[in-house]
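This briefing covers the pockets, cores and strands of one protein model. Please look at the sequence and structure below before reading on.

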Amino acid sequence: MDIPFGDLKRHYQIHQNELDQAIRAVLNSGWFILGTQGQAFETAFSAYCGCAYGIGVGSGTEALHLGLVACGIKPGDEVITVSHTAVPTVSAISFAGATPVFVDIEPATYTLDASLVSQAITPRTRAIVPVHLYGQSVAMRPILEIAKQHGLKVIEDCAQAHGAVYEGQTVGSWGDVGCFSFYPSKNLGAFGDGGMVVTQNPDVADRLRHLRNYGSIVRDRHDIEGFNSRLDELQAAILSVKLGYLDAWNARRREIAQYYRTHINHPGVVHPVEREGTTHVFHLYVIQVPNRDGVREGLKAKGVGTGIHYPVPVHGQPAYAHLPHRPLPVTEHVAGRIISLPIYPELTDEEVAYVAQAVCEAVDE
């Protein structure tokens with residue numbers, strides 16, 4: 001059996017008619033940037049997140065970048081985040097001119113360890129970027145308490161957590177802004193790049209609308225210095241169709257995760273842990289094994305694709321080697337042991353069972 005790590009072609013084919021109709025409607029309209037499709041999706045997705053405002057932008061990275069700038073982050077400021085994340089989290093901080101400051105992660109959830117944040121705060125600290133990794137929410141309540149004590153902004157990185165819930169509230173609605181990616185492989189993915197910032201703050205929303213469009217919301221008048229980062233009409237139309245399926249897709253991901261948790265019962269496998277009081281949406285199903293390279297080769301031989309998210313923490317990347325950092329023992333430990341297994345809604349029950357059996361066999365080999 002051949003089971004790729006992801007299969008976006010299968011994803012498209014299942015919903016082809018509905019998606020093609022949405023695409024044709026945009027093409028026939030002749031309007032491709034900042035039109036009614038984008039406005040409709042901003043309204044629908046921000047409501048889905050429990051926020052008053054949504055501002056579509058060009059990518060998840062730009063959502064974070066513009067979210068930081070809209071919250072007043074500027075060159076010379078420090079922003080606390082994790083090293084165990086995709087590089088774009090840190091790129092966005094750099095784009096804003098700020099300095100990333102890394103703290104370690106919780107061993108069970110792989111997300112920012114709130115108990116370590118206070119010791120990383122300096123007089124230059126202005127914000128915290130908690131990353132809701134793999135579909136799992138950060139423990140937001142203690143993060144918000146620390147932020148309030150120190151007057152810090154909270155910019156949520158929700159790129160992997162569309163629909164995830166913490167204490168009954170959707171991620172993205174906890175901080176000053178929530179920043180989403182619609183990269184094709186996400187739980188809610190476009191057919192190209194795209195992103196959105198959601199917020200409850202009308203002033204921040206207004207600033208974001210300016211920032212994404214050269215500092216302008218009225219043609220030929222530029223009120224502030226801005227950027228070019230806009231969610232186009234084609235992607236908005238595609239995402240509007242897909243949003244209606246997101247909860248069902250997330251539910252299927254959770255079913256697959258439960259099967260893996262139950263049937264990959266090898267003692268050498270460490271499974272992901274769902275934080276109490278949360279709903280994990282399993283953008284990725286990440287296990288730990290002692291012999292990762294051998295297990296991956298074994299799974300490849302059985303036709304099962306895998307990934308690693310992420311083999312080299314950001315602080316170990318050449319581009320960020322100049323940044324000082326505290327010891328990050330948990331981050332460095334898990335980086336050498338983690339494997340991401342196939343987990344997408346279109347997997348059949350037979351394929352899920354095959355993956356589970358293949359993992360048990362590969363760990364034994």
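How much space lies in the largest pocket? About 720 Å³ of space lies in the largest pocket. This is a predicted model, in which local features need pLDDT of at least 70 and side-chain atom pairs count only at pLDDT 80 or more, while totals for chains, interfaces and linings use all residues. Residues are numbered from 1 along each chain as its sequence is written, and side-chain values use heavy atoms, with hydrogens and water left out.

**Pockets**

- A pocket is an open set of points, on a 1 Å grid over the protein atoms alone, with protein on both sides within 12 Å along at least five of seven lines; lining residues have an atom within 4 Å of a point. Grid points are joined across faces, edges and corners, and a volume is the space filled by probe spheres set on the points.
- The largest pocket is lined by 41 residues, and Gln160, Tyr183, Ser185, Lys186 and His283 are the closest to its centre.
- Helices α1 (8-14), α4 (60-70), α5 (87-95) and α9 (246-263) each supply at least two residues of this lining, and the largest share, three residues, comes from α4. Helices (H or I, at least four residues) and strands (E, at least two) are DSSP runs, numbered from the N terminus.
- By class, the lining of the largest pocket has 18 nonpolar, 16 polar and seven charged residues. Here Ala, Val, Leu, Ile, Met, Phe, Trp, Tyr, Cys and Pro count as nonpolar, Asp, Glu, Lys and Arg as charged, and the others, Gly among them, as polar.
- The second largest pocket has a volume of about 350 Å³. Of its 17 lining residues, Leu34, Arg212, Asn213, Ser216 and Ile217 lie nearest the centre.
- Helix α3 (residues 36-48) gives the most to the lining of the second largest pocket, with three residues. That lining divides into four nonpolar, seven polar and six charged residues.

**Cavity**

- A cavity is a set of grid points where a 1.4 Å probe fits but cannot get out. The count comes to one cavity of 30 Å³ or more, and about 50 Å³ of space lies in the largest cavity.
- Residues lining the largest cavity include Ala108, Tyr110, Gln136, His280 and Phe282. This lining has nine nonpolar, three polar and no charged residues.

**Nonpolar cores**

- A nonpolar core is a set of buried Ala, Val, Leu, Ile, Met, Phe, Trp, Tyr and Cys residues joined through side-chain atoms within 4.5 Å. Buried means under 20% relative accessible area, exposed over 50%, and partly exposed in between (1.4 Å probe, protein chains only).
- The largest nonpolar core has 31 residues, of which Ile80, Leu112, Val117, Ile128 and Ile143 touch the most other members.
- Two or more residues of this core come from each of β2 (78-82), β3 (99-103) and α6 (140-150); α6 gives the most, with four residues.
- Beyond its neighbours within four places in sequence, Ile128 is in contact (heavy atoms within 4.5 Å) with residues including Ile80, Leu112, Ile146, Leu152 and Ile155.
- A second, separate core of 26 residues includes Val295, Ile343, Ala358 and Ala362.

**Strands and pairing**

- Strands of a sheet pair through backbone hydrogen bonds, either parallel or antiparallel. Two strands are taken to pair if DSSP finds at least two bridges between them.
- Strand β8 (residues 177-181) is largely enclosed by the rest of the structure, because five of its five residues are buried. Val177, Cys179 and Ser181 lie on one side, and Gly178 and Phe180 on the other.
- Strand β5 (residues 153-157) pairs with β8 in the parallel sense over three bridges, and Asp157 has Cys179 as its bridge partner.
- Strand β9 (residues 195-199) runs antiparallel to β8, joined by four bridges; Gly178 stands opposite Val198.
- Four bridges join the antiparallel strands β11 (residues 285-288) and β12, with Ile287 opposite Ile339. In β12 (residues 338-341), Ile338 and Ser340 point one way, Ile339 and Leu341 point the other way, and all are buried.
- An open sheet of three strands has the order β7-β6-β10, with antiparallel pairing. Its edge strands are β7 (169-170) and β10 (278-279).
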